[in-house]
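Open the model in your viewer and follow the stops below. Each one says what to select and what is there.

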Amino acid sequence: MKTIKASELGAYLYCQRAWWYQAQGYPSMNTQALAEGTQGHSQHGTKVAALRLLRLIGWALLLAGIISWIIRIFPQIMGS
């Protein structure tokens, strides 16, 4: 039994005839658009990864700031 992929379901729901052609092994006529879409998704994934890293750095800097503030204020509280 062949496993059905989510992309195949999407292709079928979008255009049943295009899905049938793909299932029969006919080559796609819009290879340039497919290549551009693949490149666009790759670029988007790179941007998402960079933004996740920046968010992690931001949280680390915030935590470091809070810790340094606590270390600075703690002796003043204990001395009072």
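**Stop 1: the pocket lining.** Start with the largest pocket. Helices H1 and H2 each supply at least two residues of its lining. H2 gives the largest share, with 4 residues. Keep in mind that this is a predicted model.

Which residues lie closest to the centre of the largest pocket? Select Ala-18, Gln-22, Ser-28, Met-29 and Asn-30. They belong to a set of 13 lining residues. Now colour the lining by class. You get 10 nonpolar and 3 polar residues, with no charged ones. The space in the largest pocket comes to about 370 Å³.

**Stop 2: the H1 and H2 pair.** Select residues 6–14 for H1 and residues 16–24 for H2. How far apart are their axes? The distance is 5 Å, and the two helices pack at an angle of about 135 degrees. That angle makes H1 oblique to H2.

Show side chains next. On the H1 side, pick Glu-8, Ala-11, Tyr-12 and Tyr-14. On the H2 side, pick Gln-16, Trp-19 and Gln-22. These two groups meet. By class, the contact of H1 with H2 holds 4 nonpolar residues, 2 polar and 1 charged.

**Stop 3: the whole chain.** Zoom out and switch to cartoon. The protein chain has 3 helices and 0 strands. Along the sequence, the pattern reads α-α-α. Is the chain compact or spread out? Its radius of gyration is 26 Å, while the globule rule gives 12 Å for 80 residues, so the chain is more spread out than a compact globule. Finish with the C-alpha trace. Along its principal axes it spans about 80 × 30 × 20 Å.

Terms used: Residues are numbered from 1 along each chain as its sequence is written. This is a predicted model: local features need pLDDT of at least 70, side-chain atom pairs count only at pLDDT 80 or more; totals for chains, interfaces and linings use all residues. Side-chain values use heavy atoms; hydrogens and water are left out. Axes are lines fitted to C-alpha atoms, for helices over the stretch in contact, and angles run from 0 to 180 degrees between N-to-C directions. Angles under 35 degrees count as roughly parallel, over 145 as roughly antiparallel, 65 to 115 as roughly perpendicular and the rest as oblique. Contact means heavy atoms within 4.5 Å. Ala, Val, Leu, Ile, Met, Phe, Trp, Tyr, Cys and Pro count as nonpolar, Asp, Glu, Lys and Arg as charged, and the others, Gly among them, as polar. On a 1 Å grid over the protein atoms alone, a cavity is a set of points where a 1.4 Å probe fits but cannot get out, and a pocket is an open set with protein on both sides within 12 Å along at least five of seven lines; lining residues have an atom within 4 Å of a point. Grid points are joined across faces, edges and corners, and a volume is the space filled by probe spheres set on the points. The radius of gyration is taken over C-alpha atoms; the globule rule is 2.2 Å times the number of residues to the power 0.38.
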